[in-house]
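Subject: Structure handover

Hello,

Please find the structure below. My notes on it follow.

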Amino acid sequence: MEHQNSQTERKRYWQGLHRRLPPNGVTSAWPTEDACRARLAEIRWPDGVQCPRCTSANIGVLEKRQTFHCKACRHHFTVQSGSLFHHSRVTLQLWFSAAEIIIQDHVSGWHSAGPTGHDLKDKLGISYVAAHKLKRKIIAELLLPHGGIIGECILMPDDSGDWLDDHDLDELDQFLNSMRSTRRRNVLR
């Protein structure tokens, strides 16, 4: 019975994420790499770009290199620096698409653990190793509140403008607690 409840909670959680995907998909919402970069910047710095080192808002842009530079401490950084996407060779468009595929696959029930690395490899046109790493990182991130940074980038707020209502937060807490207890039981075996 506990296993069935856990599966129900898991399915509800993924359905909640699926409800917040853009209606026409992430490739329609953010069709270019520049649009994805702008979305990430909007999520990371809603009040404008700030230096990750000294938090100064006195920032310049090196457009050719797509980097920012802090005029206060002279630190150079990109929108991806210090985030899940840092040092990734995979484009933001592929990250966004992979997250959408993972959410959709969890909801469809095709695989209980989401798409396989081979599925992602075939759908995204990347190597198996890259697809497998992408899948692991995205699922770990999506299990964070608000879906982590990838969730905040690709998921839309619900009709009320809130990311999660009280009922969704309760479901998320239950789901995450059940995942933690399952992991503990598996480690103890």
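The second largest cavity takes the largest share of its lining, 3 residues, from helix 4. Helix 2 (26–29) and helix 4 (92–108) each supply at least two residues of that lining. A cavity here is a set of points on a 1 Å grid over the protein atoms alone where a 1.4 Å probe fits but cannot get out, and lining residues have an atom within 4 Å of a point. Helices (H or I, at least four residues) and strands (E, at least two) are DSSP runs, numbered from the N terminus.

This is a predicted model, in which local features need pLDDT of at least 70 and side-chain atom pairs count only at pLDDT 80 or more, while totals for chains, interfaces and linings use all residues. Residues are numbered from 1 along each chain as its sequence is written, and side-chain values use heavy atoms, with hydrogens and water left out.

The cavities

The search of the whole structure gave 2 cavities of 30 Å³ or more.

The chain as a whole

The chain has 8 helices and 3 strands. From the N terminus on, their order is α-α-α-β-β-β-α-α-α-α-α. Of its 189 residues, 42% count as buried; buried means under 20% relative accessible area, exposed over 50%, and partly exposed in between (1.4 Å probe, protein chains only). Among contacts (heavy atoms within 4.5 Å) with a separation of 6 or more, 58% are between residues 24 or more positions apart.

Helix 4 has 13 of its 17 residues buried, so it is largely enclosed by the rest of the structure. Its end C-alpha atoms are 24 Å apart, which agrees with the 24 Å that 17 residues should span at 1.5 Å a residue. The expected span is 1.5 Å times one less than the number of residues. Helix 3 (residues 33–44) also agrees: its 12 residues should span 16 Å, and its end C-alpha atoms are 16 Å apart.

In helix 3, the buried residues are Glu 33, Cys 36, Arg 37, Arg 39, Leu 40, Ala 41 and Ile 43. They pack against helix 4 and helix 7 (148–154).

The 3 strands make an open sheet in the order 1-2-3, with antiparallel pairing. Strand 1 (59–62) and strand 3 (76–77) are at the edges, each with a single partner strand, so one side of each has no neighbour in the sheet. Two strands count as paired if DSSP finds at least two bridges between them. Strand 1 and strand 2 are joined by 4 bridges, and Gly 60 stands opposite His 69 in strand 2. Strand 2 (residues 67–70) pairs with strand 3 over 2 bridges, and there Phe 68 has Phe 77 as its bridge partner.

The hairpin of strand 1 and strand 2 has 4 residues between the strands, and in it Gln 66 takes a positive phi near 55 degrees. Arg 74, in the loop between strand 2 and strand 3, has a positive phi near 65 degrees without being a glycine. Arg 74 counts as exposed, at 71% relative accessibility.

Glu 141 is in helix 6 and is buried, with a relative accessible area of 14%.

His 146 lies in the loop between helix 6 and helix 7 and has a positive phi of about 65 degrees, although it is not a glycine.

Regards

Definitions and conventions
1 Å grid on protein atoms, 1.4 Å probe; cavity = no way out; pocket = protein on both sides within 12 Å on 5 of 7 lines; lining within 4 Å. Points joined across faces, edges and corners; volume = space filled by probe spheres on them.
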